[in-house]
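I opened a notebook page for this structure.

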Amino acid sequence: MQFRRANHLLTLLLTAFIALGAGGAARADALDGLLEVRSAYVNVEGQVFQLFARIAYPVNDDIRAALKDGLTLTFDLDIIVAHERRFWVDDDIYNQTITRELMYHAVSDRYITRDIDSRSNNAQHSYATLEEALEALGTVDAEPIFVASQLSPKGQYRVSLRAGVRRGKLPDTLRVLLFWTDDWHRESEWFSWSLQR
């Protein structure tokens, strides 16, 4: 009798484990979709080099459901300006990450974005749809990145951008289910061009 109970308990645990594993497999595809830096350039305004970029982030029902369940997504934009050298490793003169968060506010039925940057004082914006919020997150306009005095007059420089999405804060209910997985992390390919002055 005890053997049957133990066997039954083992079967139930195995079934639950498989069900959780299948749920994890479904979540592995949560960030599927287009993730790329579509366009980018640098403009000079009064000796300050400013970045303009457009990034496409994935949008699907899994992302929408996870946000409505309380998940926060973090969006990173890595920016590197490197002095190109012929016979040695390139020298980074600017290496910065712009970080933003996206969350869903259930009471107002709005998507909230927030800049996580000491320069922006955690600026927060509200959007009616997920698509509007992702478009705003993928828009970088006139972001100051460095000043002309940091550049050598004869040097060649390369600007590179890479966008990333990762899981941010989790509510307690999701933390129990997703503590072992890192499926909520994706990065785009590097988008690079030679800096024209």
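**Entry: Glu-131**

Is Glu-131 buried, partly exposed or exposed? I looked up its relative accessible area in this predicted model. The value is 41%, so I put Glu-131 down as partly exposed.

**Entry: the partner of Glu-131**

I found a salt bridge between the side chains of Glu-131 and Arg-64, at 3.1 Å from N to O. Arg-64 sits in helix H2 and Glu-131 in helix H3, so this pair ties together parts 67 residues apart in sequence. Arg-64 is partly exposed too: I read a relative accessible area of 23%, against a limit of under 20% for buried. I then checked for further links. Asp-61 joins Arg-64 and Glu-131 in a network of salt bridges.

**Entry: salt bridges across the structure**

I ran the search over the whole structure. It returned ten salt bridges. I noted two others from the search.

One joins Arg-162 and Glu-187 through their side chains, at 3.5 Å from N to O. Arg-162 is in strand E8 and Glu-187 in strand E9 (residues 185-187), so I logged a link between distant parts of the chain, 25 residues apart. Glu-187 is partly exposed, with a relative accessible area of 41%.

The other joins Asp-115 and Arg-100, again side chain to side chain, at 3.3 Å from N to O. Asp-115 belongs to strand E5 (residues 110-115) and Arg-100 to strand E4, so the pair ties together parts 15 residues apart in sequence.

**Entry: Arg-100**

Where is Arg-100 placed? I found it in strand E4, which covers residues 91-105. I listed what Arg-100 touches beyond four places in sequence: among them are Leu-73, Phe-75, Ile-116, Leu-137 and Val-140.

**Entry: the nonpolar core**

How many residues does the largest nonpolar core hold? I read 40. The members that touch the most other members are Leu-51, Tyr-57, Leu-77, Leu-102, Ile-145 and Leu-161. I checked which elements give two or more residues to this core: they include strand E1 (36-45), strand E2 (48-56), helix H2 (61-68), helix H3 (130-137) and strand E8 (156-167). Strand E4 is on that list as well.

Beyond four places in sequence, Leu-51 touches residues including Leu-77, Ile-145 and Leu-161. Tyr-41, Val-140 and Trp-193 are also among its contacts.

Definitions and conventions:
Residues numbered from 1 in each chain as written. Predicted model: local features only at pLDDT ≥ 70, side-chain atom pairs only at ≥ 80, totals over all residues. Heavy atoms only, no water. Helix = DSSP H or I, 4+ residues; strand = E, 2+ residues; numbered from the N terminus. Contact = heavy atoms within 4.5 Å. Core = buried A, V, L, I, M, F, W, Y, C linked by side-chain atoms within 4.5 Å. Buried < 20%, exposed > 50% of the residue type's maximum accessible area, 1.4 Å probe, protein only. Salt bridge = Lys/Arg side-chain N within 4 Å of Asp/Glu carboxyl O.
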